[in-house]
Amino acid sequence: RVAMQDATAQMAMLQFISSGLPKVAVPSTIHCDHLIAAQDGADSDLAGAIDENKEVYDFLRTGGAKFGIGFWGPGSGIIHQIVLENYAFPGGLMIGTDSHTVNAGGLGMCAI
């Protein structure tokens, strides 16, 4: 599994697009949580991030759909927890663009 967060997934998506491959070869997901700044409260912060980062979210959503990459939009949860609850299992391999990817190792994965 490859798991990417919104701030670093942009470059990963551009690199994948330049590869010329039609689809990803392994299960992959994008999680939109890192571009949401905590300032005024959950609802207003989420609305502000959606407005401010619309172009990024649209790129990641449409690129994900085109190349077979799952998309967890803004407000759907924190990547650190989502990958553990939904994708981590003993003996699996997790490659991530987030520094907390290694947490999946605590559930028996090889997590890089």
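Tyr57 is in contact (heavy atoms within 4.5 Å) with Asp6, Cys32, Leu35, Ile36, Ala49, Ile50, Phe71 and Pro74, leaving out residues up to four places away in sequence. The model is predicted: local features need pLDDT of at least 70, side-chain atom pairs count only at pLDDT 80 or more, and totals for chains, interfaces and linings use all residues. Residues are numbered from 1 along each chain as its sequence is written, and side-chain values use heavy atoms, without hydrogens and water.

Tyr57 also belongs to the largest nonpolar core, whose twelve residues are Met4, Ala9, Met13, Phe16, Ile30, Cys32, Ala49, Val56, Tyr57, Leu60, Phe67 and Ile69. Such a core is a set of buried Ala, Val, Leu, Ile, Met, Phe, Trp, Tyr and Cys residues joined through side-chain atoms within 4.5 Å. Two elements, α1 and α3 (54-67), each give two or more residues to this core; α3 gives the most, with four. Helices here are DSSP runs (H or I, at least four residues), as are strands (E, at least two), numbered from the N terminus. A second, separate core has nine residues, among them Ala3, Ile82, Met94 and Met109.

Asp6 lies in helix α1. Its contacts beyond four places in sequence are His31, Cys32, Asp33, His34, Leu35, Val56, Tyr57 and Leu60. Asp6 and Ile79 are 73 residues apart in sequence, with their C-alpha atoms 9.6 Å apart.

Thr101 is in the loop between β4 (93-96) and β5 (110-111). Not counting residues up to four places away in sequence, Thr101 touches Met94, Ile95, Gly96, Ala111 and Ile112.

Asp6 counts as buried because its relative accessible area is 0%, and Thr101 is buried at 7%. Buried means under 20% relative accessible area, exposed over 50%, and partly exposed in between (1.4 Å probe, protein chains only).

Leu14 is also in helix α1 (residues 6-19), but is partly exposed, at 45% relative accessible area.
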